[in-house]
Amino acid sequence: MAKTYDVLVVGAGIVGLATAYRLLEKRPSLKLAVVDKENRVAAHQSGHNSGVIHSGIYYRPGSLRARYCISGYKALLPFCDEQGVPYEICGKLIVATREAELPRLEAILQHGRANGLAGIRRIGPEEARAIEPNVRTVAALRVPQTGIMDYVALAEAYRRLIESRGAQVLLGSAVREVRRNHRLEVIAEDRTIRTRLLINCAGLYADEIARLTLPGHGWQILPFRGEYYSLTPEGCKLVKHLIYPVPDPDFPFLGEHFTRLIHGGVEAGPNAVLAFAREGYHRTIVNWRELAGTLTYPGFRRLAVRHWRQGLMEQYRSWSKPAFVRQLQKLVPAVRSEHLQPGGAGVRAVLCSRKGELSDDFVIEEGPAVVNVLNAPSPAATASLAVGQHIADRALTQIGD
Ligand SMILES: Cc1cc2nc3c(=O)[nH]c(=O)nc-3n(C[C@H](O)[C@H](O)[C@H](O)COP(=O)(O)OP(=O)(O)OC[C@H]3O[C@@H](n4cnc5c(N)ncnc54)[C@H](O)[C@@H]3O)c2cc1C
């Protein structure tokens, strides 16, 4: 017998669960389910990220990323206090290592101020070394708001709350088909689920789920793996908080950094290399269907022609530990190869248009009885309560608030 819901959320990552939480907060009587193909929540991007609470300093003022990050941050800390989700506000340094990076450092400072961040300031090398004794810099930004947290624990907290409000979290059920009758009929493994509204928060597969209801949409998700090294106990002594380089405005997700973890230890990374499978957490994992989909997508080919040099450099650093170490030594010269041991990896969903343009902001598109979250880039974990609120508002408008 098919079960019937008011709202079905596809994807039990942090965005899908936060959306469900916000929906039930506003409309407790809603019949709601969240479905995921994995047997646990936060199995992909949400459970493989850097664990950083972003301040919002980087994002273009007025962009959705800036707005969601700032308001999501404000909502996140009281939520974590209330729910016992571990976090720490430890601050970070954004470090210019060459004079040529100073104008970009200044632009980031201005973005931060325009985004309303109090207390951020530019500091000189001496003050930077008082905070991070091993850093090399010509000037740095001190961002006191940045923190670290356990995003899997956050996702578990959302899950607990929505289940306590009567929602069902259906794990181990991959959505394969959506039929339109007078309700939507969603086929997930051997379940048939009827729903008035479907919210697609499928992360790395959001474009494929969107195609089930909007066959003509031209977007494609390109998977970029971010690989980390863990610092040995000796290496951990070199880093006190978080140390980031000045990002390249064309590739803001590039730029290996040092991140202290909430449960102890320090990670260095991630890089960004094309993954040969959407869930290709290691370079040996290949999904031929998905790889062919990437390589034959006109947007990917255009991107590759424009940025092949950058792409090759990232591949080289992925294979060559000395090259990775040299990159890190620009920030912390004392770090040595023997301080680094292989760490985890995450795969980032990067939304690309047929013209080869990468979306750097949230992309949420609606169709009849459907809300598709096509792009939920970093800082979606930090911003999950704000993004979830926005998606929930749009969903409630569709089903009649
Ligand atoms: C390497 C890396 C580092 C990052 N660092 C940070 C950071 O420090 N701070 C920060 O704020 N953000 C960070 N981010 C961004 C943040 O983690 C993501 O934006 C966020 O987790 C996206 O959440 P999501 O719920 O949209 O996607 P996901 O967490 O990927 O969830 C999507 C879910 O959909 C499910 N799914 C897919 N297809 C189907 C299907 N057919 N049927 C059923 N279920 C399906 C998947 O199993 C998955 O559980 C980082 C991301 C990466 C990859």
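## A tour: cysteines, then a helix pair

Select cysteine 201: at 9% relative accessibility, this residue counts as buried. Keep in mind that the model is predicted.

**Stop 1: the cysteines.** How many disulfides are there? The count comes to zero.

Now select cysteine 80. Is cysteine 80 buried or exposed? Cysteine 80 is buried, because its relative accessible area is 2%, and the cut-off for buried is under 20%.

**Stop 2: two helices.** Select residues 14-26, helix H1, and residues 384-399, helix H11. Two packed helices are described by the angle between their axes and the distance between the axes. Here the axes come within 7 Å and cross at roughly 60 degrees. H1 and H11 are therefore oblique to each other. The crossing of H1 past H11 is right-handed.

**Stop 3: the contact.** Show side chains where the helices meet. On H1, pick Ile14, Val15, Ala18, Thr19, Tyr21, Arg22, Leu23, Glu25 and Lys26. On H11, their counterparts are Ser384, Leu385, Val387, Gly388, Gln389, Ile391, Ala392, Asp393, Ala395 and Leu396. Color this contact by class: 11 residues are nonpolar, four are polar and four are charged.

Key:
Residues are numbered from 1 along each chain as its sequence is written. This is a predicted model: local features need pLDDT of at least 70, side-chain atom pairs count only at pLDDT 80 or more; totals for chains, interfaces and linings use all residues. Side-chain values use heavy atoms; hydrogens and water are left out. Axes are lines fitted to C-alpha atoms, for helices over the stretch in contact, and angles run from 0 to 180 degrees between N-to-C directions. Helices (H or I, at least four residues) and strands (E, at least two) are DSSP runs, numbered from the N terminus. Angles under 35 degrees count as roughly parallel, over 145 as roughly antiparallel, 65 to 115 as roughly perpendicular and the rest as oblique. A crossing is left-handed if the near helix is turned anticlockwise from the far one by less than a right angle, and right-handed if clockwise. Contact means heavy atoms within 4.5 Å. Ala, Val, Leu, Ile, Met, Phe, Trp, Tyr, Cys and Pro count as nonpolar, Asp, Glu, Lys and Arg as charged, and the others, Gly among them, as polar. A disulfide is a pair of cysteine sulfur atoms within 2.5 Å. Buried means under 20% relative accessible area, exposed over 50%, partly exposed in between (1.4 Å probe, protein chains only).
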